[in-house]
Amino acid sequence: QVQLVESGGGLVQAGGSLRLSCVVSGSFYSINDMGWYRQAPGNQRELVATITSGGSTNYADSVKGRFTISRDNAKNTVYLQMNSLKPEDTAVYYCNPQVARYSFSGHISYWGQGTQVTVSS
């Protein structure tokens, strides 16, 4: 089994910062790309940022320059540092790692339970 534990969400005023964490635990062989997505009420889930196992990153245009994704491979953890938060960043944020359960299996997508981020104006 693979478990994801997300933390770090909360309520913050516009202009503030939050840092999300997602720890991958359980029985698995390796983790490839890791990412963060978000979903606001009435909207589809959208990509926020991704990071490869080698550290290459990709960001949605709406968060470039404000959010930073990073990972600690030794701790099987991905982070999302969110600065200069805006009310439109309000959403449930989901961790999404690509995990291989075995050396002979491919990487499949896992989703965390989500953590609420609310930015007040």
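This is a predicted model: local features need pLDDT of at least 70, side-chain atom pairs count only at pLDDT 80 or more; totals for chains, interfaces and linings use all residues.

Reader: Nice. And which ring does Arg19 lie over?

Author: That's Tyr79, with Arg19 over its face at 4.0 Å from the ring centre.

Reader: OK, switching to ring-on-ring. How many aromatic pairs are there?

Author: The count is 2 aromatic pairs. One of them is Tyr37 with Trp111: the centres are 5.1 Å apart and the planes are at 70 degrees, so this pair is edge-to-face.

Reader: Where do Tyr37 and Trp111 lie?

Author: Tyr37 is in strand S4, residues 30-39, while Trp111 is in the loop between strand S10 (108-109) and strand S11 (115-120). They're 74 residues apart in sequence, so the pair ties together separate parts of the chain.

Reader: How accessible is Tyr37? And Trp111?

Author: Tyr37 is partly exposed at 21% relative accessible area; buried would need under 20%. Trp111 is partly exposed too, with 37%.

Reader: And Tyr102 with Phe104, stacked or edge-to-face?

Author: Stacked. The planes of Tyr102 and Phe104 are at 5 degrees, with the ring centres 5.2 Å apart. Under 30 degrees counts as stacked, so the label follows from the angle.

Reader: What about accessibility for Phe104?

Author: Phe104 has 70% relative accessibility, so it counts as exposed; the cut-off is over 50%.

Definitions and conventions: Residues are numbered from 1 along each chain as its sequence is written. Side-chain values use heavy atoms; hydrogens and water are left out. Rings of Phe, Tyr and Trp (its six-membered ring) pair if their centres lie within 6.5 Å; planes under 30 degrees apart count as stacked, over 60 as edge-to-face and the rest as tilted. Helices (H or I, at least four residues) and strands (E, at least two) are DSSP runs, numbered from the N terminus. Buried means under 20% relative accessible area, exposed over 50%, partly exposed in between (1.4 Å probe, protein chains only). A charge sits over a ring if NZ of Lys or CZ of Arg is within 6 Å of the ring centre and within 35 degrees of the ring normal.
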